[in-house]
Amino acid sequence: MTTLLLTNIGELTTHDPDAGGPLRDAALVVERGAVAWTGPARQAPAADTSYDVGGRAVVPGFVDSHSHLMFAGDRAEEFAARMTGTPYSAGGIRTTVAATRAATDEQLAANLTRLTEEMRRQGTTTVEVKSGYGLTVRDEARALAIARQVTAETTFLGAHVVPPEYADDPGGYVDLVTGPMLEACAPYARWVDAFCETGAFDADQARAVLRAGEAKGLRGRLHANQLGPGPGVQLACELGLTAVDHCTYLSAEDVDALATTGTTATLLPGVEFSTRSPYPDARALLDAGVQVALASDCNPGSCYTSSMPLCIALAVREMRMSPAEALAAATLGGARALGRDDVGHLRVGAAADLVVLDAPSYLHLAYRPGVPLVREVLVAGRPVT
Ligand SMILES: [Zn+2]
């Protein structure tokens with residue numbers, strides 16, 4: 001058994017509530033891939049190997065709890081059109097569905113690998129990946145089987161949008177999703193999700209999908225209240241889901257329900273940035289005591305960034321979260337949104353998934369937007385960049 005000592009850490013964020021904030025002049029010991037000790041560098045125990053991080057800041061690896069990486073093609077032209085006046089609508093998803101169905105397994109796997117490596121270089125150490133651009137039994141199941149190769153956090157999103165061949169029979173499509181498609185996908189998925197929005201699925205359809213998934217042992221999460229007010233957040237709270245994502249248009253009752261049930265509200269500010277839309281009211285959520293996560297929503301349509309540091313900068317600049325709140329939401333919050341307590345923090349016992357920043361403090365993540373501050377990434381105590 002070998003141990004690794006990270007020392008000369010200028011600022012160490014562990015998210016230990018008893019620590020009262022980041023530790024200065026700190027050290028961290030990794031044993032068996034997990035955090036075994038944290039504290040002042042001068043008190044650090046001996047270890048087999050030692051790594052001097054040169055006074056830099058260390059933060060937990062980012063937990064990106066919402067991404068759509070199983071796709072082919074891109075929609076750069078649609079983005080350009082949107083930036084010159086065409087509004088975003090859920091229907092653009094169909095463009096990616098056609099490209100994804102036409103792609104080979106190898107092409108889908110290569111695109112997934114490219115994007116997860118891109119995320120990792122930017123400090124993401126846990127990522128959730130959804131299906132939802134196949135929308136046939138075969139294409140949804142193969143997407144999840146491929147995604148399962150790179151992450152345990154796979155989500156069945158057959159209920160992303162009604163595909164063109166079911167345009168006249170959306171009920172028939174829900175029957176497919178809750179029947180044969182779920183049957184084929186459940187072995188490769190941990191989560192079930194639905195896009196509860198005008199133009200996608202209504203509350204009754206989303207409820208049917210979530211209940212069917214839960215009956216197969218999957219845990220529910222939901223896309224809701226992104227493009228306008230709607231019933232999705234209330235449905236997520238009623239069903240006691242782990243997380244409900246987007247939450248851009250919320251009523252006071254929605255905020256109350258989130259605070260009462262403890263369902264995590266995942267905010268995806270890259271979407272509002274990329275679609276030039278109003279941001280969610282993060283302050284109202286935080287001030288009401290709602291658990292908040294930040295995630296990328298990386299997808300080829302509404303938000304093609306894979307950068308959690310960008311999401312942190314947007315959360316601080318555009319949603320008035322404090323830098324500490326934004327970092328916590330991008331790490332601990334993401335872990336809560338995935339029902340995980342082994343990642344998103346660096347308390348003793350956590351996975352040694354961490355980021356060495358080329359900066360003296362995590363504050364620089366928001367203070368220096370667009371600058372590549374991730375110097376090194378460790379997963380289970382091993383360098384991966
Ligand atoms: Zn999404």
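**View 1. The largest nonpolar core of this predicted model.** The largest nonpolar core holds 123 residues, and of these Leu 28, Val 58, Met 70, Leu 294, Ile 312, Ala 315 and Ala 326 touch the most other members. At least three residues of this core come from domain 1 (3-61 + 344-383), and at least three come from domain 2 (62-337).

**View 2. The surroundings of Val 58.** When residues up to four places away in sequence are left aside, Val 58 touches Leu 6, Ile 9, Leu 12, Leu 28 and Val 53, and it also touches Leu 354, Val 355 and Val 356. Among these partners, Leu 28 is, like Val 58 itself, one of the core residues that touch the most other members.

**View 3. The contact between domain 1 and domain 2.** The domain assignment divides the protein chain into domain 1 (3-61 + 344-383) and domain 2 (62-337), and the C-alpha centres of the two domains lie 30 Å apart. To their contact, domain 1 brings 18 residues and domain 2 brings 22 residues. On the side of domain 1 that touches domain 2, strand S5 (57-60), helix H13 (364-367) and strand S16 (374-379) supply at least two residues each, and S16 gives the most, with 3 residues. Sorted by class, this side of domain 1 has 12 nonpolar, 5 polar and 1 charged residues.

**View 4. Ala 284 in helix H10.** Ala 284 lies in helix H10, which covers residues 282-287. Ala 284 counts as partly exposed because it has 13 C-beta neighbours inside 10 Å, whereas a buried residue would need 20 or more and an exposed one 12 or fewer. From C-alpha to C-alpha, Ala 284 and Leu 241 are 20 Å apart in space, with a separation of 43 residues in sequence.

Note on methods: Residues are numbered from 1 along each chain as its sequence is written. This is a predicted model: local features need pLDDT of at least 70, side-chain atom pairs count only at pLDDT 80 or more; totals for chains, interfaces and linings use all residues. Domain bounds come from an automatic or database domain assignment. Two residues are in contact if their C-beta atoms, placed from the backbone, lie within 7 Å. Helices (H or I, at least four residues) and strands (E, at least two) are DSSP runs, numbered from the N terminus. Ala, Val, Leu, Ile, Met, Phe, Trp, Tyr, Cys and Pro count as nonpolar, Asp, Glu, Lys and Arg as charged, and the others, Gly among them, as polar. A nonpolar core is a set of buried Ala, Val, Leu, Ile, Met, Phe, Trp, Tyr and Cys residues joined through C-beta atoms within 7 Å.
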